[in-house]
Amino acid sequence: MSSPRTYAYYPGCSGLGTSMEYDISTRAVCKALGMTLTDIPDWSCCGSTPAHTVDHSFSTALSARNLKIAAKAGLSTVTTPCPSCLTNLKTAGKNVKDAEFKKKVEILLDGQLPELPEVMSVLQALYEDIGADVVAEHVKKPLTGLKVACYYGCIMNRPPEVMEFDDPEHPIAMDKLMEAAGATVIPFPLKVECCGASLGVARKDVVAKLTGKLIDTAAGLGVDALVTACPLCQMNLDLRQDQANAALGTRHRIPVFYYTQLLGLAFDLPEEALGLDKLCVDPHHALETAKERAQNTKVREETA
Amino acid sequence: MKIGVFVCHCGSNIAGAVDPAKVAESARALPDVVIATDTLYACSEPGQQGIIDAVKEYELDGVVVASCTPRMHEATFRRAVERAGINRYMFEMANIREHVSWIGKDKEANTNKAAELVGMAVEKLRRDRPLIPKQFDINKRVMIIGGGVAGIQAALDCADGGLEVILVEKTSSIGGKMAKLDKTFPTVDCSSCILGPRMVDVAQHPNITLYAYSEIESISGYVGNFQANIRKKTTYVDWELCTGCGLCMEKCPSKKSTDHFNEKVGVTTAINIPFPQAIPKKAVIDAEFCTKLIKGKCGVCAKVCPSKAIKYEMEDEVVTENVGAVVVATGFDLFDYSVYGEYGAGKYPDVITSLQYERLLSASGPTGGHIKRPSDGKEPKNIVFIQCVGSRDKSVDRPYCSGFCCMYTAKQAILTKDHIPDSQSYVFYMDIRSPGKMYDEFTRRAMEEYGARYIRGRVAMVYPKGEKYIVRGADTLMGTTAEIEADLVVLAVGAEAAKGSPQLAEKLRISYDKYGFFMEGHPKLKPVETNTAGVYLAGACQGPKDIPSSVAQGSAAAAKVLGLFSKDKLESDPQVSHVEIKRCVGCGKCVETCPFGAVKLVDFRGMPKAEVIETVCQGCGICAVTCPQGAIQLEHFTDNQILAEVNALCRS
């Protein structure tokens, strides 16, 4: 591990709204690990899903603006918790490598672009810059007994030539961090499947089917909770779990944590700092189950 | 000197982008040219006859033909001028097709360039002198590298033709990939039943010397006179004494050795004979697993061996064989499927390769021919075959079609139904490629008679669900996604070049393509030759091939060798280096640079002088450019000739 770095932090729109608990838990965990997150001043929307479907130079300009501000503030690395923001920021960085393309973007932004900072997800920063072993050192209340399945979603690691992080089919970064936090990680075969993404607005039936399969498979593996790294995935799995249940005729109640929330719990950070109350499926039952299980195992080991 | 120039139209190949008549006209102004004309097809019979007639009519001393690449027709025209009564080296060729008409569209510029190339050829020809090839003896023995079905066929055909054959096989038994197959398409006949007798023939043929468990260390020499060093790898068993009784295998306590013959399905003993029909049927110790070799303890095999054949202290041995021709039949390797992470091969025990499945089907395989899931030994009912794993996929650098996977998958679907009548096979495919004799009928039978369900589309993902696996892919004919619950998933892996192919190619001085497959002399007209005289190809080392094609090429290679050896002497190419002894100062630079070891220093009246071994010289010219004195010259490509060409170009 290198000495803790300073990162330009890009929360993204959802971080201030629908996934507030992801944002605050990320900040809390990074602070606990000694990382300095400096918010990009006056950041704007990354373009999200709509911009690049309309115009690539426009979409790139939106993200490049944020990167440019970070660069001017003298920050060499931008980090964001949201994989969708990550895609746009990274793609923008790649696009402006092309001189022609760069010119178009510079016209839109009324000025020349400096050398843009490197972009990585918070997950990558935790896994690569900090490292699972250092994370383990910070654990005060290990998540012993908690059986989790890590769900990365379809874009955290893909396309590999853009994201350049972990294995596009079998990522392990989150698994390793969860293991470091003391949880039992159950291999989840659908860890990079699509949850239906923003089709939740237009085609609820599609999302219900896709998330339903994720939840059903996870339940079949006997997990206590799902762990995510994407605001949209979390929303589909958590908020829409009842819709999925209705579509599939199932009755699953599986809490869907952000991995930062679970890390925070393991670091013994206060619940308010992790936004556990914002989760739709109440996580406390799962946490209790885990505690009991841990207790039972301990008793069994002692009597054995 | 009287020179004739013939400018070929090559139909529209040249005439479409060059004006041959104008090129001929400009040639008439060149020194010594007494006739220049254009001709529709110079290589055709009337074309060649035209050249011959002109040689006689104008009493020509030399001929220039401006046409296609010398690689295609230089030999043709040299024979023609020889028929006309002049020396075959009094001929020059200007390549105005590949170098002109095929690469430029501007007819005027092309015509000028063609005229310049002709001018260069004429200037070179003016300085040509007749060369007479020397004759040398041939060693009429042939070495065949690789003992798969192609190598076996080539070996038997050569041996039956009366030649002495050296067969070199790197594993401990011949038979190759075919020996691992259960049945073969499209006849569904037992693979080892048709191959086994051929393997026995190899062992018993008086003309065949078999080096099993051996590899080519190095090879030198030239057509007719190769010298090969063969490394006989350590077997730790004296094969002279070993009778193949198998007692050592029975008693060996180390029973966790990798079973390479069974494609790592199951394990074997540290000392083993790979399979019951192995030729030679001799034991080999796997040093990686042998307790005696690792820890120095055990020695059970030595104790039980009735013929005292075990030799723990054995070491590699290198033997030298002299041969006149080489047939390369090193075959292929299977594509490493683990790059397809989404299929979970190597991670999920019941996702296996087609060749592993073949071993499960085989009566001599690890399960005695009963299809059992590797994970729990249960009989699978739903079996999904995924085609094109490592074929036709640019993303894994295998854009080529492996050719035989469609067929063996159909065969395995048929055999599955035979083994487990209440089973259901599903085949995810991209296209069905079954162009051989009785092939399409065969795949249709798999679908229509055996009820295999073919789904057109790539598989996106395989993941476990309980005891089963969900195989999800596109059904591009239905326009939907398909999800199949499978008990067993078989990946129809494609073919890639055998490991170490480029290294072997370097030793043999033959070409290979970007995937490591060996290159034939000409893709259509020289399918078994290489660009190195006396080295021939057979089987899948040239590209993926099925058994019939491999056997056919094995026989073709044998025919080529027999044809080569039907002459008692070969002619050496006289375009070799020549040392001007007065100019040579004996510095030895040429000796150092010659890649073929064709130049040596000799004592000439107390002075060291370079001497060229003409039969070894390949005419590459490296020595000529190295010599500081200009004392060594390449015949037919002397400094004077090349400078004359350059001057001709600069003048125009």
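These legends walk through a few close-up views of a predicted model. Local features here need pLDDT of at least 70, side-chain atom pairs count only at pLDDT 80 or more, and totals for chains, interfaces and linings use all residues. Residues are numbered from 1 along each chain as its sequence is written, chains are lettered from A and ligands numbered from 1 in the order in which they are written, and side-chain values use heavy atoms, leaving out hydrogens and water.

**View 1. Where chain A meets chain B.**
Here 7 residues of chain A are in contact with 10 residues of chain B (contact means heavy atoms within 4.5 Å). Together the two chains bury about 790 Å², with 52% of it on carbon and sulfur atoms; buried area is the accessible area (1.4 Å probe) that two parts lose on being put together, summed over both.

**View 2. Charges across the interface.**
Chains A and B share 2 salt bridges, meaning a side-chain nitrogen of Lys or Arg within 4 Å of a carboxyl oxygen of Asp or Glu. In one of them, A:Lys213 pairs with B:Glu483, and the closest N and O atoms are 2.4 Å apart. On the side of chain A that touches chain B, you'll find 2 nonpolar, 1 polar and 4 charged residues. For this sorting, Ala, Val, Leu, Ile, Met, Phe, Trp, Tyr, Cys and Pro are nonpolar, Asp, Glu, Lys and Arg are charged, and the others, Gly among them, are polar.

**View 3. Two helices crossing in chain A.**
Helix H4 (residues 56–72) and helix H5 (residues 83–95) of chain A pack at about 95°, their axes 8 Å apart. That makes H4(A) roughly perpendicular to H5(A), a label for angles of 65 to 115 degrees. Axes are lines fitted to C-alpha atoms, for helices over the stretch in contact, and angles run from 0 to 180 degrees between N-to-C directions. Helices (H or I, at least four residues) and strands (E, at least two) are DSSP runs, numbered from the N terminus. From H4(A), A:Ser59, A:Thr60, A:Ser63, A:Ala64 and A:Leu67 meet A:Asn88, A:Leu89, A:Ala92, A:Gly93 and A:Asn95 of H5(A). This contact has 4 nonpolar, 6 polar and no charged residues.

**View 4. A salt bridge inside a helix.**
A:Asp23 and A:Arg27 form a salt bridge, with the closest N and O atoms 3.2 Å apart. Because they sit 4 residues apart in helix H2 (residues 20–32) of chain A, about one helical turn separates A:Asp23 and A:Arg27.

**View 5. Backbone details in loops.**
A cis peptide bond links A:Arg158 to A:Pro159, with omega about -5°. A:Pro159 sits in the loop between strand E5 (147–151) and helix H9 (160–163) of chain A. Over in chain B, B:Asp32 has a positive phi of about 70° although it is not a glycine.

Definitions and conventions: Parallel < 35°, antiparallel > 145°, perpendicular 65-115°, else oblique.
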